[in-house]
Amino acid sequence: MCHVAGTADRLCDLWTLVVQCDVTSPPTLESLLRARILVLDGAMGTQLQRLCLAEADFRGERFRRHSRDLYGDYDVLTLTRPDLVSRVHHEYLASGSDIIRTNTFSSTAVAQADFGLSPNAYELNLAGARLARAARDVWRARTPHQPRFVAGTMGPTNRSVSLPPGRDAIGIRGIPFGQLRDAYEEQVRGLVDGGCDLLLVETVFDLANAQAALAAMIEVCIAPPSRLPVLLSATVSDSSGRMLTGQTIEAFRTAVAQAQPLCVGLNCSPAVHTVRPHLEELARHADCFVSCHPSAGLPDVRGQYASQPVDFADALRDLASKGLVNIVGGCCGTTPAHITEVVEAVRDMPPRRLRTFDDQDGTADPTEQSG
Ligand SMILES: [Zn+2]
């Protein structure tokens with residue numbers, strides 16, 4: 001927070017302007033969220049890792065002579081193996097996902113620097129959005145009763161605004177706010193130009209990074225008709241409910257509320273039960289929709305995740321039964337099989353009731369259902 005002091009008021013002012021000139025897509029997504037729980041997709045990386053790809057797959061013809069190894073850069077597959085990325089999108093849509101995420105979690109110039117692909121950041125996001133959008137269009141036509149949406153995914157990068165430049169903490173280095181904001185701005189331009197329906201800032205471990213992403217959205221989306229709904233999802237790193245850089249989920253909720261997101265949530269924690277108390281806190285106070293897409297447990301030495309599809313879905317159904325969620329889905333280790341079970345598990349569950357002005361005194365009961 002200390003590195004972005006002074007930006008909060010400006011964020012608030014600018015978002016007010018953005019909201020005033022809103023002209024496009026939110027009503028459909030928002031009206032659906034009021035009616036039922038929507039289901040996000042599962043992990044893209046898990047599906048791609050199962051294919052045991054080689055360096056040549058990552059490089060493709062396009063980057064055959066690239067100066068650095070690209071093995072492990074799953075985002076570059078959007079350009080070099082779009083068939084594989086598209087197949088995963090279709091698998092999740094066939095599983096019943098309402099919202100699929102672009103393969104752009106690490107497609108900022110900052111995150112791509114380790115692979116020497118920073119100059120390709122805009123293209124990665126543009127292509128990632130178009131690929132997901134093409135799959136979404138096929139399924140919108142196939143299941144007109146179930147509209148599908150594309151969320152342009154923005155990961156936290158491997159840098160932290162809250163760490164001083166040059167400081168290194170468990171592999172994460174510091175980065176100036178402006179540099180990260182500029183990288184996010186390029187990412188948002190690609191995602192918006194590629195036709196995303198909404199933007200999802202996920203796995204937030206540093207509130208200041210999320211604020212850099214929000215600042216970037218303001219720059220790109222200030223002119224209609226580009227305004228898109230925004231979802232923000234944090235990840236807690238310990239049982240105390242703090243993010244990696246020490247901020248609480250309450251601080252996260254309060255700070256991002258100024259941006260008037262459509263939804264806030266939690267993702268990527270080791271297990272649903274570790275998320276639950278913090279999700280309850282979020283659901284009790286959030287003035288917007290609430291999401292949860294945890295990981296399928298922790299991976300073992302072979303990279304296998306512990307939580308099986310039925311168990312995973314049961315845990316999310318339990319959250320839904322308490323009226324805590326509007327969007328559910330999966331993070332690391334989840335597969336189309338997990339999403340198939342989740343769709344069934346929450347099909348008849350009412351969504352979390354959105355707080356109203358009458359609830360503003362904080363007495364609203366998050367378990368109360370609108371039916
Ligand atoms: Zn994850």
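## Two loop residues with positive phi

Cys-268 lies in the loop that runs between β9 and α11, and in this predicted model the residue has a positive phi of about 65° although it is not a glycine. Cys-268 counts as buried because it has 24 C-beta neighbours inside 10 Å, where the cut-off for burial is 20 or more.

Thr-157 is placed in the loop between β3 (149-154) and β4 (159-160), and its phi, near 70°, is again a positive value in a residue other than glycine. Thr-157 is buried too, because 27 other C-beta atoms lie within 10 Å. As background to both cases, most residues other than glycine have a negative phi.

## Helix α11

The helix α11 covers residues 272-285, which makes 14 residues, and from its first C-alpha to its last it reaches 20 Å, close to the 20 Å expected at 1.5 Å a residue.

## The nonpolar core

The largest nonpolar core of the model comprises 110 residues, and within it Leu-198, Leu-199, Leu-316 and Val-328 have the most contacts. Helix α9 (residues 207-221) supplies the largest share of this core, with 11 residues. In soluble globular proteins, nonpolar side chains tend to be buried together.

Which residues does Val-328 touch, not counting residues up to four places away in sequence? Its contacts are Ile-37, Val-39, Leu-40, Cys-292, His-293, Leu-316, Ala-320, Val-342 and Val-346. Among these, Leu-316 is itself named with Val-328 as having the most contacts inside the core.

## Confidence in the model

Over the whole chain the mean pLDDT is 86, and 85% of the residues reach 70 or more. Residues 1-27, however, stay under 50 in pLDDT, and for this stretch the model has 44 contacts beyond four places in sequence. The pLDDT of residues 361-371 likewise stays under 50, with 18 contacts beyond four places in sequence. Where pLDDT is low, the predicted coordinates should not be read in detail.

Methods: Residues numbered from 1 in each chain as written. Predicted model: local features only at pLDDT ≥ 70, side-chain atom pairs only at ≥ 80, totals over all residues. Helix = DSSP H or I, 4+ residues; strand = E, 2+ residues; numbered from the N terminus. Expected span 1.5 Å × (residues − 1). Buried ≥ 20, exposed ≤ 12 C-beta atoms within 10 Å, placed from the backbone. pLDDT = per-residue confidence, 0-100. Contact = placed C-beta atoms within 7 Å. Core = buried A, V, L, I, M, F, W, Y, C linked by C-beta atoms within 7 Å.
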